[in-house]
Structures are given as structure tokens and as C-alpha cells.
Amino acid sequence: MKGLPVVTIVGRQNVGKSTLFNAILRAQSAITENTAGVTRDVLQKTVERAEFKIPFTLSDTPGLDIENIDEISKEIIEIAFEHLRHSDLILHVIDHKDLRKYDHKLIDLFKKDEILKEKNVLTLINKVDTEQDEYDLEPFYKLGLNELLPISALGRRNFDLLYQKINFFLPDKIKTQEDPYCKIAIIGKPNSGKSSLLNTFLGYKRAVVSDVPGTTRDSVSDQFYFQNHKLEIIDTAGIRRKSKTGESLEFYSYKRTLHSLGEADVVVLLVDAMKGLGEFDKKIFGEIQELGKPMIVAVNKWDLVPEKESNSWKDYKDRMEAKLSILKERPLLSLSAKEKLRTHKLLESVVSLFEKSQKKLTTRQLNDWLSKWGGKNKVQKASNRPPKVYYATQVSQIPFKILFFVNDTKLFPSNILSFYRKSIVKEFGLDGLSVEIELRNRNEGKEGRE
């Protein structure tokens with residue numbers, strides 16, 4: 001299919017590239033033999049399976065460490081490298097048991113080539129057949145690789161994580177120039193001021209504004225520019241309790257609101273300042289939190305709050321955070337959509353939070369932090385059997401999820417996980433985001449999540 005992202009497998013001869021190609025395809029497309037240099041052309045196949053969020057083109061390149069270069073070999077190498085420069089993700093395969101001079105040459109090329117150094121490169125340490133092999137990777141870390149993953153292409157070892165990492169580096173969808181930089185969903189109870197905020201952002205009356213709750217029964221969207229970025233704003237239908245009459249229109253409005261949430265990059269939860277944070281606001285907060293969406297809680301109609309003083313907002317925030325403690329970790333601001341009070345600041349906060357959510361922490365960054373992190377001593381002293389994290393890697397952005405390979409998931413209760421999570425947020429500047437930690441036993445298939 002034309003326009004699909006390209007994932008290219010590269011490495012020297014006989015490291016298992018074609019075996020990996022076939023394993024991802026689950027079909028015998030490339031010739032696999034123990035004879036070096038069997039693959040002489042760039043093979044390409046479309047991968048479209050449930051494990052991957054979008055289809056992509058998978059390419060298998062020939063082994064590039066050709067000793068006796070003739071004219072044909074030279075052309076093969078040139079074609080292969082040109083193909084690499086047009087790839088969206090490079091899977092660089094190294095033999096765990098046989099690290100050679102040409103492996104170092106390729107690594108240097110990925111670091112120095114003006115085009116390749118900007119590419120996403122995931123180095124796969126192949127032929128890792130035992131648990132001991134999986135954690136004996138010190139020689140490879142010393143090569144200065146940013147993304148490292150031990151696998152066995154033949155035994156399909158660590159393929160679940162491989163698929164997660166491929167998804168992590170692929171775009172969520174194939175973007176065009178017409179697509180917005182960021183999609184913002186405004187959500188809240190009926191009559192919290194969502195339509196007024198939409199109209200303020202757009203600079204004209206796009207949505208009906210009324211004191212009658214539930215005027216907006218469908219999601220209304222439009223686009224505008226802010227700080228040279230094209231933003232799309234979605235005013236969702238107000239989420240309300242199901243009426244006693246079971247009115248079907250409310251049910252479908254709710255469904256469409258959930259769909260809008262799924263499409264959004266950032267969610268603004270609008271709370272009516274005069275009514276405060278109610279139980280139903282907390283339920284809406286929970287829906288957004290469950291999706292792992294970046295979220296800003298905006299208290300609208302602040303202009304209507306009587307007898308305000310210098311500490312009024314601080315007191316109001318404290319009362320909200322007492323009702324819902326997790327609000328201490330989320331951006332919270334007051335505004336008036338009608339009076340255009342702090343609406344510009346809200347948009348600045350939206351763009352800032354979106355850009356944080358797009359961060360991709362390299363495996364090397366996370367594991368360097370783990371090795372130097374002073375907090376692990378506190379964690380180990382507080383436990384009879386110390387919890388240990390062997391390896392960490394980011395596997396998704398929304399939700400912002402980091403995978404820990406650990407000695408035993410049972411040794412990581414919620415307070416220990418929270419300690420790790422807060423340290424990661426501080427270290428990498430992720431404040432305001434919902435950061436999740438997923439646990440995986442290094443010798444079992446068991447999983448857990450905070």
C-alpha cells in the first residue's frame with residue numbers, strides 16, 4: 001500500500017535478518033540458510049495484523065558486510081543504504097554470540113550519517129536463547145546504543161515486547177499536511193461552559209450557547225491556529241446521568257463523547273466554579289484517566305465567584321484536591337470563557353502538555369537513570385526481600401507507559417510503584433502527565449500495572 005511507514009531490517013550477513021523477517025510476517029517469504037549472503041535484494045512485504053496499530057511495509061536488506069565488492073555488490077549496498085535513509089524505523093540486528101568489526105561500523109554510521117542519525121534505530125540482539133543470555137548484555141550497552149532489545153528470531157523470544165516497541169516508534173496514523181498538530185476535546189457536565197470556550201478559541205459563534213443544560217447534543221469540532229500550530233477543538237456533548245425515561249438521544253451523545261475522547265490528544269475537563277467539583281465530575285475524571293489521556297482541569301466561570309481575594313484560588317484548589325488527591329499531579333487553572341480570562345494561558349498549557357506527551361525516552365536514558373538513581377537504596381532497605389528492576393523501556397506515549405522487567409512483581413506494591421513513578425516524572429520533566437508503570441517478571445509471563 002502506497003504511503004505506508006517503512007520498517008527496515010539491517011545488519012551484516014548471517015545474523016538472522018531473514019529469520020526475523022519471516023517471523024514477523026509469519027510466512028516463509030525470504031530464503032533462510034546458514035550460508036552468508038543468501039539475500040541479495042531488498043525484499044518488501046505489507047504487514048497488516050491486529051498486533052500492530054497501523055499497517056506498515058517490512059523490508060529485509062541484504063547483509064552489507066560484503067568482502068569482495070564487485071560492481072553488482074556495490075550497487076546492492078547503495079540501494080540498501082538509500083532504502084535505509086527512507087525508512088521510518090530501522091531494526092538493526094546483531095548476533096549475541098558473534099560481535100564483529102562490521103557491527104561497530106554500522107553503529108558508527110547510524111550515529112554520524114546526517115540522515116540516519118535522525119532515524120529511529122532499534123538494535124535487536126539476536127540469538128538470545130536463554131534467560132542468562134537475556135541479561136548478559138554489558139558488551140552491547142558499552143557500544144552506546146540508545147534502544148536495545150534481546151530477542152530470538154528463531155524461538156520468537158521477547159516478540160511481544162518487540163511488537164510493542166515497533167508500535168511505539170510507528171505513528172498512530174498516517175498524517176497529512178492537513179492534519180492538525182493537536183486535537184483538544186472539551187468535556188464536562190452540561191452547562192459548564194464548553195460551547196462558550198469553543199467560541200472563544202475560534203473567535204466567532206460556532207456552537208450554540210444557552211443556559212439550558214444539554215443544548216449541545218453532539219460533538220462539534222473546528223480548527224484554528226495558535227502559536228503557528230493548527231489545533232482542532234472538539235466541544236463534546238455534556239455527559240449526564242442516564243435519564244429515568246432512558247432517552248436514547250442521551251445514550252448516543254454519551255457514546256459520541258467517548259469516541260471524541262479517544263480521538264483527542266489532550267482533554268480539557270471543564271468544571272463550573274459556582275458548583276465546584278462534584279461526584280459526577282470525579283466520574284468523568286476517572287473516564288479520562290482510564291484512557292491515559294493528557295488532561296487539564298479548568299475551572300470555568302471564575303468571574304462569577306463573589307468576594308475574591310488574593311488567596312481565593314489557592315483555597316479553592318486546596319478544597320478540590322482534598323476531594324480528589326490525584327489533582328495535585330494534574331494541571332489545574334481558573335478561567336472565564338465568557339470574559340476571555342486566562343483562555344490564552346489554557347491553550348499554552350494544552351500545547352505544553354501535548355509536547356510532553358510526545359516524548360520518547362530511550363531505553364538507554366531509562367536504564368542510565370535506574371543505575372544511578374539514589375531512591376533504589378531506600379526501596380531496598382524498606383523491604384525484607386528487595387525489589388529489583390533489571391531493565392526499563394518505554395512502550396507507549398498515550399498512555400505514557402514504561403515497562404519494568406523485575407525479579408518479582410509481588411515485591412512492587414502501589415506505594416513502591418508510586419515512588420518510582422514520581423521519580424521518573426521529576427527526572428524527565430513529565431509533570432502533568434499520567435505515567436503508568438507496567439511490571440513483568442523476568443522469568444515469567446505474569447504482568448501487573450499501576
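## A network of charged residues

Arg 12, Asp 98, Arg 100 and Asp 103 are linked in a network of salt bridges. A salt bridge here is a side-chain nitrogen of Lys or Arg within 4 Å of a carboxyl oxygen of Asp or Glu. By this rule the model holds 20 salt bridges. Side chains of opposite charge can pair when their charged atoms come close.

This is a predicted model, in which local features need pLDDT of at least 70 and side-chain atom pairs count only at pLDDT 80 or more, while totals for chains, interfaces and linings use all residues. Residues are numbered from 1 along each chain as its sequence is written, and side-chain values use heavy atoms, with hydrogens and water left out.

## The chain as a whole

The protein chain contains 14 helices and 16 strands. Helices (H or I, at least four residues) and strands (E, at least two) are DSSP runs, numbered from the N terminus. Of the 450 residues, 53% count as buried. Buried means under 20% relative accessible area, exposed means over 50%, and partly exposed lies in between (1.4 Å probe, protein chains only).

The accessible surface of the protein chain is about 22,200 Å², and 48% of this belongs to carbon and sulfur atoms. The areas come from the Shrake-Rupley method with a 1.4 Å probe; for residues, only the protein chains shown count as cover. Among contacts (heavy atoms within 4.5 Å) with a separation of 6 or more, 68% join residues 24 or more positions apart.

## Salt bridges between separate elements

Asp 272 and Lys 301 form a salt bridge through their side chains, with an N to O distance of 3.1 Å. Asp 272 lies in strand E10 (residues 266-272) and Lys 301 in the loop between strand E11 (295-300) and helix H10 (312-323), so the pair ties together parts that are 29 residues apart in sequence. Both Asp 272 and Lys 301 are buried.

A second salt bridge joins the side chains of Asp 431 and Lys 356 (3.0 Å, N to O). Asp 431 is in the loop between helix H14 (414-428) and strand E15 (435-441), and Lys 356 is in helix H11 (residues 343-357), so this pair ties together parts that are 75 residues apart in sequence. Asp 431 is partly exposed at 46% relative accessibility, whereas Lys 356 is buried, with a relative accessible area of 18%.

Within helix H12 (residues 363-372), Asp 368 and Arg 364 lie four residues apart, about one turn of the helix. They form a salt bridge whose closest N and O atoms are 3.9 Å apart. Asp 368 counts as partly exposed at 35% relative accessibility, and Arg 364 counts as partly exposed at 33%.

H12 and H14 pack at an angle of about 115 degrees, with their axes 12 Å apart. The contact involves Gln 365, Leu 366, Trp 369 and Leu 370 of H12, and Tyr 420, Ser 423, Ile 424, Glu 427 and Phe 428 of H14. Axes are lines fitted to C-alpha atoms, for helices over the stretch in contact, and angles run from 0 to 180 degrees between N-to-C directions.

## Ser 152 in its loop

Ser 152 lies in the loop between strand E6 (148-150) and helix H6 (159-169). Ser 152 counts as buried at 4% relative accessibility. A polar atom of the Ser 152 side chain lies 3.0 Å from the backbone nitrogen of Gly 155. Not counting residues up to four places away in sequence, Ser 152 touches Asn 126, Lys 127, Val 128, Asp 129, Arg 157 and Phe 159.

How values were computed
A polar contact is a pair of N or O atoms within 3.5 Å; within protein, one must be able to donate a hydrogen and the other to accept it, and residues adjacent in sequence count only if both atoms are side-chain atoms.
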